[in-house]
Amino acid sequence: MRNSIENLGHKGLDFFQRLGRGNILFAHILIGIPGLFLRPSLIIQQVFSVGVLSFVIILVSGLFVGMVLGLQGYNTLVKFGAEESLGVVVALSLVRELGPVVTALLFAGRAGSALTAEIGLMKATEQLSAMEMMAVDPIRRVLAPRFLAGFISMPFLAAIFSAVGVNGGYFVGVGLLGVDEGAYWSQMQANVDYEGDIINGVIKSFAFGVVVTWIAVFEGHDAIPTSEGVSRATTRTVVHSALAILALDFILTALMFGES
Amino acid sequence: MTEQADILVKVRDLHFSRGSRKIFDGIDLDIQRGKITAIMGPSGTGKTTLLRLIGGQLKPSSGSVHVDGHHIERLRHRPLYQLRKSMGLLFQNGALLTDLNVFDNVAFPLREHTDLSESMIRDLVLMKLHAVGLRGARDMMTTELSGGMARRVALARAIALDPKLLMYDEPFTGQDPISMGVLVRLIRALNDALGLTSIIVSHDIAETSSIADYIYLLSDGKVVGQGTADELNNSSSEWAQQFLQGRDDGPVPFHYPANDYMTDLLSGLAK
């Protein structure tokens, strides 16, 4: 009994210590960001490896999610004779929820884990330490550009996910199931609100971009510098990111759409 | 020149602990300018930790480390980084940046800290690589290098900014005889040609003694011997003799502290 209370205490302390270290690191990264604008090549390089290299998985996933939405949406709507609203269902589901959330989950698995492993291995092989001794601050040189790249890439990836998903829904709904093409697009145009839906979706993806990349770079930087430590940090990135995305999504959804 | 001005690194009453384990228990060291000073001692005596304390990557529990007149643990971020531009640390595994090739690794500190043109950087990098004999390996990736080559590239990178102080962390560990000979000669030649001050942390006695001007022996968190190689060889200190001659028993016991052997064995029978 005493042991389990002790363990609980240790875990609690460990959690708050990590939270504190994470916040301090976040503050250091934010301080390092303005200096990056003098060296845009660092940002571009990272946007490529974090964002552009995640493009294919986002594209393919977006297409299939859109197709499933088209199929499921049609099967439900047709019972009420409302299959012409399929475009609205697909677009709202994607723009408000699935676009930002699924993109962020995929991003955590594809780019977040890679970021953690890369930074963790740089730590394990003393590359970060070597940078410090060369008077190069690794937080500004390595972590800040990766963080900024994640923040910039996420909304674009989410937008691509939603756009491809809408076309996937169109392919299944209009192309295969016979929904009227004009109704699909016009209902979507009439019922998807620019500020209420699209902008809120973009805000969500910015928020997920911050959280996922923060978790990824923190876990890498905080990893125990051994192969086991890096592997555990990589796992934690994916698990913690997924939980954070879903919890944050609920909070943001409640704030954005709670009253309507 | 005063004696004070001859000392580049001054360590006084340095204490440092990791958790409950004491690594340093009040050590004093003076690193003379222009000389090669070796810090030797058995594994686990905190030799690498000492380099990190001198580089300001760790802070002592008490005591002081002065580098070139600066009280290093009191320096704030910016002046500390400014001071580090005049230091180089050669890590045991080289710690080369794995996403860059040999040329870009050596160019890294120059690109980060200077506004030199690319053609100037190219010339400087080739000069540094030539000094370590690896000008021809400039396009190789770090994964293609042998251990000895990686250390030489790291050495070229460490001297890229023409530092005053160069620290070597176990430079000879795991090297074949040829690489070892190359490194020994390079360390001496660079120190003399560039007017550096070098600190070598090592437990390779023969190689280190052959180039070190002054040697400190560390054990159990204390300085247990110091002097030139000859002075230490002739020293009456039992510890120094055990270490330098590689005897398995002496002041550093062969057996890790344990209960009485017989009692330990018999306690198994009693169960």
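How many residues does the contact take from chain A and from chain B? The contact takes eleven residues from chain A and 14 residues from chain B, where two residues are in contact if their C-beta atoms, placed from the backbone, lie within 7 Å. On the side of chain A that touches chain B, five residues are nonpolar, three are polar and three are charged; in this division Ala, Val, Leu, Ile, Met, Phe, Trp, Tyr, Cys and Pro count as nonpolar, Asp, Glu, Lys and Arg as charged, and the others, Gly among them, as polar.

The structure is a predicted model, in which local features need pLDDT of at least 70 and side-chain atom pairs count only at pLDDT 80 or more, whereas totals for chains, interfaces and linings use all residues. Residues are numbered from 1 along each chain as its sequence is written, and chains are lettered from A, with ligands numbered from 1, in the order in which they are written.

Chain A has nine helices and zero strands, helices being DSSP runs of H or I with at least four residues and strands being runs of E with at least two, both numbered from the N terminus. Along the sequence, chain A accordingly reads α-α-α-α-α-α-α-α-α. The C-alpha trace of chain A spans about 65 × 55 × 35 Å along its principal axes. Of the 260 residues in chain A, 45% are buried; a residue is called buried if 20 or more other C-beta atoms lie within 10 Å of its own, exposed if 12 or fewer do, and partly exposed in between, with C-beta atoms placed from the backbone. Among the contacts in chain A with a separation of 6 or more, 87% are accounted for by residues 24 or more positions apart.

Two helix pairs of chain A may be described in turn. Helix H1 (residues 2–36) of chain A and helix H8 (residues 194–222) of chain A pack at an angle of about 110 degrees, with their axes 10 Å apart; axes are lines fitted to C-alpha atoms, for helices over the stretch in contact, and angles run from 0 to 180 degrees between N-to-C directions. H1(A) and H8(A) are therefore roughly perpendicular to each other, given that angles of 65 to 115 degrees count as roughly perpendicular, those under 35 as roughly parallel, those over 145 as roughly antiparallel and the rest as oblique. From H1(A) the contact draws on A:Arg18, A:Arg21, A:Gly22, A:Leu25 and A:Phe26, and from H8(A) on A:Trp214, A:Phe218, A:His221 and A:Asp222. By class, these residues comprise four nonpolar, two polar and three charged.

Helix H4 (residues 86–124) of chain A and helix H6 (residues 138–176) of chain A pack at an angle of about 145 degrees, with their axes 7 Å apart. The crossing of H4(A) and H6(A) is right-handed, a crossing being right-handed if the near helix is turned clockwise from the far one by less than a right angle, and left-handed if anticlockwise. The contact of H4(A) with H6(A) has 20 nonpolar, seven polar and one charged residues. In the loop between helix H5 (127–133) and H6 of chain A lies A:Ala135, whose phi is near 65 degrees, a positive value in a residue other than glycine. A:Ala135 is partly exposed, with 18 other C-beta atoms within 10 Å.

Chain B has eleven helices and ten strands, and its C-alpha atoms fill a box of roughly 75 × 45 × 40 Å, taken along the principal axes. Buried residues make up 38% of the 271 residues in chain B. The domain assignment of chain B, whose bounds come from an automatic or database assignment, gives domain 1 (3–86 + 163–270) and domain 2 (99–162). The C-alpha centres of domain 1 of chain B and domain 2 of chain B lie 27 Å apart, and their contact takes 13 residues from domain 1 and eleven residues from domain 2. On the side of domain 1 of chain B that touches domain 2, the largest share, six residues, comes from helix H7 (residues 177–194) of chain B.

Helix H4 (residues 102–113) of chain B and helix H6 (residues 147–158) of chain B pack at an angle of about 30 degrees, with their axes 8 Å apart, and H4(B) and H6(B) are therefore roughly parallel to each other.
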